Amino acid sequence: MTMRAGAWFVALCAVGSLSACSQFAPHARNESTDPDQRLAQLVERLEAARAQGPRNDAIADEQTAFLDAGLVRSDIARFTLEYPRHIEGLWLNARLAYEAGEPENAVSYLDRVLTQDVDHAEAAVLRGRIALEQGNAQFARKLLERHVDRSPDHAELREAYAAALFYVGDPDGARRELDTAERLGAPAWRVLYHRGLIAEKSGEIDLAKQLYAASVAAAADSPAAQRLRAL
């Protein structure tokens with residue numbers, strides 16, 4: 001039974017909440033010369049644009065202008081041209097590019113992040129994910145192995161490394177990394193789902209069903225529900 005890399009990573013939140021990016025700076029409305037504040041303002045605008053929807057016109061009775069998420073994203077890209085070494089700006093652009101279905105663009109930003117901050121575990125997770133989705137499992141394994149050595153207590157990094165081991169044909173290593181991720185606090189439903197994928201790939205269908213069912217019991221919206229129905 002063939003599985004794409006996306007089956008594993010569908011449960012990982014590599015592209016996290018944009019609001020998390022704005023926690024490092026005040027949400028000032030004025031144009032600031034401080035890059036952290038500038039980026040926080042851009043994140044606010046992007047969140048507002050997404051909340052309003054894709055239209056870019058006005059509500060006649062309120063004269064409230066709609067924001068265009070695409071234009072705000074262009075402003076975020078220009079921010080990185082102005083501040084090419086701003087790690088959070090590069091990381092945000094990488095996530096937005098991946099979210100928009102532009103993996104090569106995302107890789108370009110991620111490589112710049114990792115060049116400047118070799119310990120950026122979240123960037124390593126997303127870089128590994130893209131490599132797996134592009135069929136380059138050996139590259140993903142080597143990359144994630146290096147970052148696990150640097151940040152051995154990072155649960156999501158361990159999960160990503162487990163995925164790489166799984167796709168290079170090392171299910172025992174993948175199980176071992178999932179055990180470690182669980183001890184480090186990875187969500188139980190997600191670990192159960194990934195263990196189910198390993199069991200399914202190994203032909204242990206009854207075990208896979210049990211693991212998927214346990215994942216769904218732990219979190220009703222677990223993607224394990226789809227695989228359980230398929231089995």
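The structure is a predicted model, and the mean pLDDT of the protein chain is 85, with 80% of its residues at 70 or more. A further stretch, residues 13–17, has pLDDT below 50 and makes 12 contacts beyond near neighbours in sequence. Where pLDDT is low, the predicted coordinates should not be read in detail.

**Overall architecture**

- The protein chain contains 12 helices and 2 strands.
- Read from the N terminus, the order of elements is α-α-β-β-α-α-α-α-α-α-α-α-α-α.
- Of the contacts in the protein chain with a separation of 6 or more, 52% join residues 24 or more positions apart.

**Burial and surface**

- The protein chain has 231 residues, of which 46% are buried.

**Aromatic pairs**

- A search of the whole structure returns 3 aromatic pairs.
- In the pair of Phe79 and Tyr83, the ring centres are 4.9 Å apart and the planes meet at 40 degrees, so the pair is classed as tilted; an angle under 30 degrees would count as stacked and one over 60 as edge-to-face.
- Both Phe79 and Tyr83 are buried.
- Tyr193 and Tyr212 also form a tilted aromatic pair, with 6.2 Å from centre to centre and 40 degrees between the planes.
- This second pair links distant parts of the chain, since Tyr193 belongs to helix α10 (residues 188–201) and Tyr212 to helix α11 (residues 205–218), 19 residues apart.
- Tyr193 and Tyr212 are both buried.

- Ala224 lies in helix α12, which spans residues 224–230.
- The relative accessibility of Ala224 is 0%, and the residue therefore counts as buried, the cut-off for that class being under 20%.
- Apart from neighbours within four places in sequence, Ala224 contacts Tyr193, Tyr212, Ser215 and Val216; among these, Tyr193 and Tyr212 are the partners of the tilted aromatic pair described above.
- Ala224 and Leu192 are 32 residues apart along the chain, and their C-alpha atoms are separated by 8.6 Å.

Terms used. Residues numbered from 1 in each chain as written. Predicted model: local features only at pLDDT ≥ 70, side-chain atom pairs only at ≥ 80, totals over all residues. Heavy atoms only, no water. Phe/Tyr/Trp six-rings, centres within 6.5 Å; stacked < 30°, edge-to-face > 60°. Buried < 20%, exposed > 50% of the residue type's maximum accessible area, 1.4 Å probe, protein only. Helix = DSSP H or I, 4+ residues; strand = E, 2+ residues; numbered from the N terminus. pLDDT = per-residue confidence, 0-100. Contact = heavy atoms within 4.5 Å.
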